[in-house]
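Have the model open beside you, and take the points in order.

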Amino acid sequence: MTDAGETAVRLLDVAVAAMGGQQRDGQHEMAKQVAKAIDEGKHLLVQAGTGTGKSLAYLIPLIAHAQESGRPAVVATATLALQAQVVGRDLPRLLGAIEGELDHPVDVALVKGRSNYLCKHKLSGGFPSEDGGEGTLFAVGEDLAVAHPAGGGPTTQLGREVKRLREWAEETETGDRDDLVPGVSDRAWRQVSVTALECLGAQRCPLAAECFSELARQRGAEADIVVTNHAMLAINAFEGLNVLPEYDVVVVDEAHELQDRVTGAVSAQLSAAMAAAAASSARKHRGITAEALQSAAAQLDLALAGIPNGLLARGLPEELAQAVELVRDASRVALSDSKPGEGQSADGGRQVARSRLLAILECCERMLDAEANGEVVWVSRAGTFDPATGYSSPADDAPATLSIAPLNVGARLRDGLFAGHTVVLTSATLAIGAAFEPAAGGLGLLGAGAPSWTGVDVGSPFDYPKQGMLYVAKHLPKPGRGLSHEAVDELEALIRASSGGALCLFSSRRAAEEAADELRGRLDVQILCQGESSMSALVRQFSDEPDTCLFGTMSLWQGVDVPGHACRLVVIDRIPFPRPDDPLTTARSRAVAQAGGNGFMSVSASHAAVRLAQGAGRLIRSTEDRGVVAVLDSRLATERYGAFLRSALPPLWGTTDRGVVLQALERLAATGRARA
C-alpha cells in the first residue's frame, strides 16, 4: 500500500469510528485505490455497489490531496440531489469526524449553473417581459407582476409563489433554489432566475457584487473541495468559460451518466421561430432592422416543411443547407450591426438580443460542418398528446426544430477532461457484468492514443436475496406507448398493500403526472410528484413521512438516498430503453452495426441495463432495509434480452407471483406500524 493509501485508510477508520459506522472492506479498498490513483496521477474507474459508502471513500483522499497540494479538488455529480447529499450531509459529517486529524480547516463550495440561483437584477426589473413560449430556448419568462385585486394579495398559485420568492430574496444568503423550503414550481422559479444566455455577466451587471451565482463561484475559487455537476464540468472543459477553479484532480460520481450529460451540455437547436425571435429582439433592443434575418427565418421554415422527423443520416439536404447558410450569414451581419455603443449602459434586453444572435450563428456554423466534425443533425416537431398511446404524435404542419449533437463525446472528453487532470470515475453501475470497456469506450478511454486507466469493482455489503424482492409483473400486457389501465391498477394494488412508502419511477414526466393524478383519487396516502417543488424538498418530505409516495422521472432514478422504512417499495413502470425514434440512439446503433457489432444490445440494451440497475438500487440503502422492487414491464420476464437486463440488477430474490409480493408488502407495512 502506498503512503497515500495508508493515510486514506487511517482517516477513513477515524471517520467511521467517530460516526458510529461499520468497517467495510469495499470502502477500504476504494479509498486505497482512489488515493493511489491521485498519488500516481492515473485515471481510475471504480464500481462501488450501493452501501459501500463510496462518498467517504473518495472524499477522504480528495481532502488529503487538497491539504497537501494546496490546490482544489472537484467532485462532479449528475444530479442536484446527490450534490445536496454530498454538501449537506456527507462532507459536514466527515469533516466533523476527522477535524483533529487535519492540518487546517477544509473549505467546501457548491457551484451550480446560473439558473439555480435567484437573480437580483431580474427581481429589480432589469430584464424585459417578452412573448416567448414557455420552455423555448429564448423565453425570458412571464411578467413578474402577477395581477391581484386592489388591497389584496395575489389570487393565483403562481402569484403567491412569486410573492414568497420576493420575500425570501430579502433574507437568503445563498439564493440557491434548493435552500428554499418549501420549494416552488418550475414556472414560478423562472420568474426570478436567468440562464447563462440571459445573464449580463459580472463585468456589466449593475448588481454583480451581490450576485448569488458570482458569489458562489468566488467561494469555489477559494475552496479546497468544489462540488458541481457534469454539465458544469463539460462547460468548463469544452467551452473555455472557466466556470470552475483550476484543479488537478476530479472525482466524477454517477459516472454512468457522464456521456449523456456531456452530450446534452454540448447539443444545440435551431428553428425558424428562434431565428425570427432573434431578429425581433434585435429590432426591439438593439435598434437594427434585421430584415435579412427575418427573411432567412422564413426560408428556413419553408426548407424544413417537407422534411420528416428523424435523423438526417446523409447530412443537410441541399435546400435546407442553403437556408441554414442564409440564417448564418444574416445573423453574422446582425451581430456586427448590434455591437454596443461606447459608454452604453448594461441592459438585460440588449444582452439577451445579442446572445440570441450569437447562439444562432454558432449553431448554424456547427450544422454546416457537422459531418466533418463527427456530429449528427436531426429534425423534430412538437405534437399533440394521444391518450391512447401516452405519447405526443408529431403533427406534419407543426414547426420543426433542427438539433445537433456529437455522435460520440469520447474525443472531447479525452482532450478536455482526461488530458491534464487525474480523473476518478465511480458509480454503482459502471461495469456491465465484469467489463468496464463499454463505459470506458464511450468516455474516450479506448482506442489509439487513449490514456491508460484501471478498473476496479469493490462490491457491496448487502445481502440482497434476504433483504429484498424483485417482482416482475409477468401477467401484464406488453407495454404500449402509454401507461396502461392494467399497469395503473397494478400500481394501486402494490401501494395499497405497502400502505405507501413507494418511490415510483416513470419513463416520462407525463406518465408520472397522470399516474399521480389518477391514484390521488383512489388512495388515501399522500402522493408527491416531480415538478411540484424542488427535487431536494420533495425527497426530504418523502424521507420524513413514512407513508408518503414520490412519483418522478429520470432525476429520481439515481442519486436519491432514502434508507429505512420510508422507501419500502420501488416501482419501475417500464424498461428504460431509449425511444426507438431517438436520433442519437439510431445514429450510434448504426455506427456499431457498421463496425460489425449488435447495435441494439450495445446501445439500447446497455443503456437500459444501467438505468434499470440504478432505479432498482434506490431500494436497499442500508443493511437494515427491506422491501420490493416491482417492474411493471412483462418483457423483463418474457423477452430474450430480459436475462441480460436482469444480470445488471442487484441479486434480489426474484418472483413473478403477485400474491406473494402483496403479502410481503402487507407484512412490511405492519412491521413499520408496530415500530412506530
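1. Start with V74: its bridge partner in strand β4 is V226. Two strands pair if DSSP finds at least two bridges between them.

2. A word on what you are looking at: this is a predicted model, in which local features need pLDDT of at least 70 and side-chain atom pairs count only at pLDDT 80 or more, while totals for chains, interfaces and linings use all residues. Residues are numbered from 1 along each chain as its sequence is written, and side-chain values use heavy atoms, with hydrogens and water left out.

3. Now step across to strand β5 (residues 249-252). Strand β2 (residues 73-77) pairs with β5 in the parallel sense over 4 bridges, and A73 stands opposite V249. Strand β12 (residues 422-427) also pairs with β5 in the parallel sense, over 4 bridges; there V424 is the bridge partner of V251.

4. Which way do the valines of β5 point? V249 and V251 point one way, V250 and V252 the other, and all are buried (under 20% relative accessible area with a 1.4 Å probe, protein chains only; exposed is over 50%, partly exposed in between). In a regular strand the side chains alternate between the two faces of the sheet.

5. These pairings belong to an open sheet of 7 strands with parallel pairing, in the order β3-β4-β2-β5-β12-β1-β13. Its edge strands, β3 (108-110) and β13 (453-457), each pair on one side only. From one strand to the next the twist averages 15°, the angle being taken between N-to-C directions, from 0 to 180 degrees, with axes as lines fitted to C-alpha atoms.

6. Next, please look at A512, which sits in helix α19 (residues 509-520). A512 is buried, with a relative accessible area of 0%. Leaving aside neighbours within four places in sequence, A512 is in contact with F506, C529, F551, G552 and T553, where contact means heavy atoms within 4.5 Å. One of these, G552, is 40 residues apart from A512 along the chain, yet their C-alpha atoms are separated by 5.6 Å.

7. Helix α21 (residues 583-594) is worth a look as well. Its 12 residues should span 16 Å at 1.5 Å a residue, and the end C-alpha atoms are 16 Å apart, which agrees; the expected span is 1.5 Å times one less than the number of residues. Buried in α21 are P583, L584, T585, A587, R588 and S589. The buried residues of α21 pack against α10 (258-265), β7 (310-311), β8 (375-381), β11 (400-406) and α22 (599-616). After α21 comes G596, with a positive phi near 95°.

8. Finally, the whole protein: it has 25 helices and 20 strands, and 53% of its 676 residues count as buried. For 676 residues, a compact globule would have a radius of gyration near 26 Å, and the protein has 26 Å, which agrees; the radius is taken over C-alpha atoms, and the globule rule is 2.2 Å times the number of residues to the power 0.38. Among contacts between residues at least 6 apart in sequence, 76% join residues at least 24 apart.

Key. Helix = DSSP H or I, 4+ residues; strand = E, 2+ residues; numbered from the N terminus.
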